[in-house]
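I will present one structure today, and I ask you to keep the display in view as I speak.

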Amino acid sequence: MTSPEQRVEELGFTLPSPAKPAGSYLPAVRTGDLLYTSGQVPVVEGKLHQTGKLGVDLGVDEGKAQARICVLNALAALKAELGELSRVRRIVKLTVFVASAPDFTEQPQVANGASDLLAEVFGDQGRHARSAVGVASLPLDAPVEVELIAEVG
């Protein structure tokens, strides 16, 4: 059986090292069988991959790619807490914040970049409830930020 980490690699991605907190918070917190990640922006090797707003600086496809990077960072935070991603029973909830131009309304399509990757990595256990929210700005001028809740064993 393929592990989630192997599945990430099969999909052509690399699970990064977990990001160090940029403030007074923890990257992930467990309570009971639930593990919550802090918001993850599209950082690659310690640098923001892209900046800007959807509908001004980036299109939907670029936003989806940034959402995938955010999810990989969230998975790195989960792995740091759990030791291995096979301990994830289910992705329960995904929240995707999209820095958007006032008239941009395709936040759900941007969020699909994150949702689809979770389903590809975890199968049916990666299907989740979700919110896709347009916001005026995000930290560091990030275009997308993702947080998730996972049921773990």
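I shall cover the pockets, then a pair of helices, and finally one valine.

The model is a predicted one, in which local features need pLDDT of at least 70, side-chain atom pairs count only at pLDDT 80 or more, and totals for chains, interfaces and linings use all residues. Residues are numbered from 1 along each chain as its sequence is written, and side-chain values use heavy atoms, with hydrogens and water left out.

Let me begin with the pockets. The largest pocket holds about 450 Å³ of space. A pocket here is an open set of points on a 1 Å grid over the protein atoms alone, where a 1.4 Å probe fits, with protein on both sides within 12 Å along at least five of seven lines; lining residues have an atom within 4 Å of a point. Its lining comprises 23 residues, and Ala19, Ala22, Tyr25, Val41 and Val43 lie nearest the centre. By class, the lining has 13 nonpolar, 6 polar and 4 charged residues, with Gly counted as polar.

The second largest pocket has a volume of about 230 Å³. Among the residues that line this pocket are Met1, Arg7, Val88 and Phe122. Helices α1 (4-10) and α3 (107-122) each supply at least two lining residues; helices are DSSP runs of H or I with at least four residues, and strands are runs of E with at least two.

I turn to the helix pair. How do the axes of α2 and α3 cross, and within what distance do they come? The axes of α2 (residues 60-82) and α3 come within 7 Å and cross at roughly 45°, on a scale that runs from 0 to 180 degrees between N-to-C directions. The contact residues divide into 10 nonpolar, 4 polar and 2 charged.

Lastly, valine 135 is found in strand β6 (residues 129-135). Leaving aside neighbours within four places in sequence, valine 135 is in contact with Phe97, Val98, Ala99 and Ser100.

Definitions and conventions. Grid points are joined across faces, edges and corners, and a volume is the space filled by probe spheres set on the points. Contact means heavy atoms within 4.5 Å.
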